[in-house]
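Please read them with the structure open.

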Amino acid sequence: MTRFVLRNGEVFDSERDPSNFETFCYGPNGAEQTCHLLSFQSEIAFLMVLGDDLNLRYEPVQSQG
């Protein structure tokens, strides 16, 4: 499992391949690797696939008015 770190410091564990995202990784390849997501776009892509992995669905928020 790889630790993914968002730019704000939040950490998520995932079995996703870090080469699919714009990352800077360190540590041994595989089990103990830590990868920092380097861009806003990369964070969004990672969070979307993380949501799919956890069976979450994102819906747009509609303003009331």
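1. T23 stands opposite L37 in β4. The model is a predicted one, and the points below should be read that way.

2. β3 and β4 pair in the antiparallel sense, over four bridges. Y26 is also part of the pattern: its bridge partner in β4 is T34. As for limits, β3 covers residues 23–26 and β4 covers residues 34–37.

3. β4 has a second pairing to check. β1 and β4 run parallel, joined by three bridges. Here F4 has C35 of β4 as its bridge partner.

4. Now the whole sheet. It is open and has four strands, in the order β2-β1-β4-β3. The pairing is mixed. β2 (11–14) and β3 are the edge strands. Each has a single partner strand, so one side of each is left without a neighbour in the sheet. On average, neighbouring strands are turned by 25° against each other, direction ignored.

5. Next, the helix. Helix α1, residues 40–53, packs on the sheet. It touches β1 (2–5), β2 and β4. The direction of α1 makes about 55° with that of β2.

6. Which cysteines does the disulfide join? C25 and C35 are the pair, with an S to S distance of 2.1 Å. The structure holds one disulfide. C25 lies in strand β3 and C35 in strand β4, so the bond ties together parts that are ten residues apart in sequence. The torsion about the S-S bond is about 115°, so this disulfide is right-handed.

7. Are the two cysteines buried or exposed? C35 is buried, at a relative accessible area of 0%. C25 is partly exposed, at 26%.

8. How many salt bridges does a search of the whole structure find? It finds two. In one of them R3 pairs with E32, and the closest N and O atoms are 3.6 Å apart. This pair links distant parts of the chain. R3 is in strand β1, whereas E32 is in the loop between β3 and β4, 29 residues apart. R3 counts as partly exposed, at 31% relative accessibility. E32 also counts as partly exposed, at 48%.

9. The other salt bridge pairs R7 with E43. Their closest N and O atoms are 3.1 Å apart. R7 lies in the loop between β1 and β2, and E43 in helix α1, so the pair ties together parts that are 36 residues apart in sequence. E43 is buried, with a relative accessible area of 11%.

10. One residue deserves a second look in the viewer. C35 is the bridge partner of F4. C35 is also joined to C25 by the disulfide. And C35 is buried.

Key:
Residues are numbered from 1 along each chain as its sequence is written. This is a predicted model: local features need pLDDT of at least 70, side-chain atom pairs count only at pLDDT 80 or more; totals for chains, interfaces and linings use all residues. Side-chain values use heavy atoms; hydrogens and water are left out. A disulfide is a pair of cysteine sulfur atoms within 2.5 Å. Helices (H or I, at least four residues) and strands (E, at least two) are DSSP runs, numbered from the N terminus. Buried means under 20% relative accessible area, exposed over 50%, partly exposed in between (1.4 Å probe, protein chains only). Two strands pair if DSSP finds at least two bridges between them. Axes are lines fitted to C-alpha atoms, for helices over the stretch in contact, and angles run from 0 to 180 degrees between N-to-C directions. Contact means heavy atoms within 4.5 Å. A salt bridge is a side-chain nitrogen of Lys or Arg within 4 Å of a carboxyl oxygen of Asp or Glu.
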